[in-house]
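Morning, everyone. Have a look first.

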Amino acid sequence: MSAARPTSPGGPLPAPPGSSSRTVTRDGLGEEVGGLLGDGNRLALVGGHDDGPTGFRVVYAFAHPGTDRRTELTVAVPRDEAWVPSLSTVSFPAGRFERAIRDGFGIEPRDHVRPRRLMRHAHWPTGWYPMRRDAAADPAFGPDESGFAFVPVEGQGVYEIPVGPVHAGMIEPGHFRFSVVGETIVRMKARLWFVHRGLERHLQGRTPAQALPLTERISGDTPVGHALTFAMAVEDALGLPVGEEDRLVRALLLELERLHCHVADLGAMANDVGLGILQTHALRLRERLLRSNADVTGHRLLRGGIVVGGARLRALPDLDLIRGVAAEVADLVRIALGTSVLVDRFTGTAVLRREAAAEMGALGYVARASGLDVDARRDHPFVDLGATFHVCTADDGDVMARFRVRAEEVQVAAALVADLVARLGGHLGTGRAASGPAPAAGGPPEPTGAPVAAGLALVEAWRGTACHRVELDDAGRLTRAAIVDPSFFTWPALPVALADTIVPDFPLANKSFNQSYAGNDL
Amino acid sequence: MSAAPLLVALVQVTVAVVLAPLVIGVTRQTRARLEGRVGPGVLQPARDLRKLIGKTPLRAAGTSPMTVVAPVVLLTSSLLLAALVPLVAALPLALVPGDLFVVVSVLLVGTVAIALLGLDGGSAFGGMGSSRHMTIAALVEPTVLVAVYALSIPVGSSALPLIVAARRDHPASIASPAGVLAVVALAIVVLAETGRLPIDNPSTHLELTMIHEAMVLETSGRDLAWVDLASWLRLSVLLGLVGNLLLPWGVAGSAAPGPVLLGALALAGKLALLAVLLATVEVAMAKLRLFRVPELLAGSFVLAFLAVTASYLVA
């Protein structure tokens, strides 16, 4: 992707044909982006970069679903004149990326239609931009001066229900402000961004091998998805080839992760309409999968299986167990869909229309349940999954559609696991780690030189397409890692889907989306 | 003679207070077992109650005396209910008639008290729960009235003790169309009134879906103990009433120690049976969408109304 990229020595991962990277001026950006989006490209990532004295750099990465072609536009932004032209009128996700870059780097998106803060925590001191190289690591936090901007809804009988950020259950922190007439939601504003950990900064200065365990913790339930995306981005930057066997192992891990996450959520959705017995059984099945996972990689959530340049298992999963679980899940789904009250609660609830999902750039099962045929496993493949794989979609966009899509994906994932295990033929992966120093336990990251290589990867994690873009210096250390969890794209679709939904159905709607709070707020 | 029914009422209240936590314990334990969990045992609600009684309540700033009074009013209404409804013995109190209108009014006093408690905390959840609770109460109370009225027609009296005694003495009336319709209608509204599935989910942690739990979110310590005990009493008393209407055998006809003891044992048996049944049905049941609840309650009202019509046709 970058000019400094060495050619892959017979690597099985050639850059997709037609991939390009070019520099554009701030004035020419709007036109270029309009053309790329018009050609069917999807905005995958916008990342800010602080190159020190030479100024800032904003990289816009696009991916074309039909051809797997990637395009990167780089815009140079001088330090003393830190602004970019806003693309918020052209692309909704671009507008959100711009707000995140403004909060992180202080690069102002000019003429933004909704220039409110995004990830900026209310207690951060004014003028402190954590992603800048000279930003103090530990500034004195001030009082909350920003307040919470939301549109007050007025009228007869309208009232507000604030919920969270601390909830009654074991859930991540998020504040939801409902404007309600009677029980019907007029408007819902979600305030997330309570879990900023400075992850992208933590990654800087580490070698990829040191950084990989951190990427497994970006979102606790997506260790394989993020570690794999990160590893593939590094391999793309360094031109590291990955053998067929290791790529099969990676696909296997990805499906195992999808399996246990979907099983747990199917049960949780049934529990939200009071059918606790289905959740109990779903949790029992998930526990069987987690114990099997512990045998497979040594970790119940499948950490440790992915390494930069390869993958390695301790054992292959027991196919009888996987098939048994898939059959039992099919049973549970049949029971759920045979319960008329559950069907009534799911059908027509929290409808996300196809056009809205497309405009928002929603990803994963949420998009697929709204009729958008997006899946990086097909659009940006790293291994040929064969005839066993197909993309599961539905048209209705309601809770029922999301439930059905995920139920079907469980079956596809189980079939893929069986297929991949058979193709592996007893091999466990080579586990060849990239060269470089072994992961150090803690310690401050070292300062880095100028970036000489850059790489980007797209992987269909269980929630949707994750995207990482890394830059490395000549010592092989990360100068920058830009990370996008699919939740970043899909979260804004939730309030849209809630129009005309009633308040007591919100937890169900939220569970059917089940976006990550931590993956969203790095 | 006048002291005996009073004494029996006192026995009824005591028995109900002892049995109420156990009824909840049995439903939770049954549910746990059916879901494949070990469960905390049937005594856990009683232990929780003891723990809460020993704790000083924490009340939100700016609350009115209502927060202090409401739990006590609620508990009093439930205790009164336990005294009025024929549980152990079917002896009419001369002082206060165990009349169905009185019983419904006492229920309503408790309903209003807990709704005010929910509003008084000033949180959005309390108000939300109270609004939902009053909506459901408005639909439930008429059905209770009409259902018991249908049962009262064959007896010629609206006093619950007399109705139960008449059914005990003439078991044929239990299986009459009017009797069955009325009891089914009553059973549905009992589920609504006491916040059980499919109307409310007593075990949810999702604030936005709650009805009963939303109103008591701000309540703690001793206040919560009274509210919990009162709600459990309500469930037990109403279940006991349904039990005694369905299976009136064992209900004492006099204040002698022997029949009263037998009555208490029979009540415990019926409650245990109904609690297990309730939990079993709940396991297989999902919660209705809030806007569907009126449809269910309207259905139960129709049943009660049919029961009244049938009573007149038969009588």
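Start with helix H2 of chain A, residues 92–105. H2(A) lies across S2 and S3 of chain A, and runs at about 15° to S2(A). Contact here has a cut-off: two residues touch if their C-beta atoms, placed from the backbone, lie within 7 Å. Axes are lines fitted to C-alpha atoms, for helices over the stretch in contact, and angles run from 0 to 180 degrees between N-to-C directions. Helices (H or I, at least four residues) and strands (E, at least two) are DSSP runs, numbered from the N terminus.

Now the ground rules. This is a predicted model: local features need pLDDT of at least 70, side-chain atom pairs count only at pLDDT 80 or more, and totals for chains, interfaces and linings use all residues. Residues are numbered from 1 along each chain as its sequence is written, while chains are lettered from A and ligands numbered from 1 in the order in which they are written.

Next, the sheet under that helix. What is the strand order in this open sheet of four strands? The order is S1-S4-S3-S2 in chain A, with mixed pairing. Strands S1 (20–24) and S2 (42–50) of chain A are at the edges, with a single partner strand each, so one side of each has no neighbour in the sheet. On average, neighbouring strands are turned by 20° against each other, direction ignored. Pairing needs at least two bridges found by DSSP between the strands.

S3 (residues 56–63) and S4 (residues 70–77) of chain A pair over eight bridges, in the antiparallel sense. One of the pairs to look at: A:Arg57 has A:Ala76 in S4(A) as its bridge partner. Helix H1 of chain A, residues 26–38, also packs on the sheet. H1(A) touches S1, S3 and S4 of chain A, and its direction makes about 165° with that of S4(A).

Stay in chain A for a helix pair. H6 (residues 244–271) and H8 (residues 319–337) of chain A pack at about 20°, axes 11 Å apart. H6(A) and H8(A) are therefore roughly parallel; the classes are under 35 degrees for roughly parallel, over 145 for roughly antiparallel, 65 to 115 for roughly perpendicular, and oblique for the rest. From H6(A), A:Val263, A:Leu266 and A:Ala270 meet A:Val329, A:Leu332, A:Val333 and A:Ala336 of H8(A). By class that is seven nonpolar, no polar and no charged residues. Nonpolar means Ala, Val, Leu, Ile, Met, Phe, Trp, Tyr, Cys and Pro; charged means Asp, Glu, Lys and Arg; the others, Gly among them, are polar.

As a whole, chain A has 17 helices and 14 strands. Its C-alpha atoms fill a box of roughly 65 × 65 × 45 Å along the principal axes.

Over to chain B. Chain B has 11 helices and zero strands. Its C-alpha trace spans about 55 × 45 × 40 Å along the principal axes.

Look at H7 (residues 177–193) and H9 (residues 221–246) of chain B: they pack at about 170°, axes 10 Å apart. That makes H7(B) roughly antiparallel to H9(B). The contact of H7(B) with H9(B) has nine nonpolar, no polar and one charged residues. Among the residues meeting there are B:Val183 and B:Glu193 in H7(B), and B:Leu238 in H9(B).

Last, the interface. 22 residues of chain B are in contact with 25 residues of chain A. The chain B side has 12 nonpolar, five polar and five charged residues.
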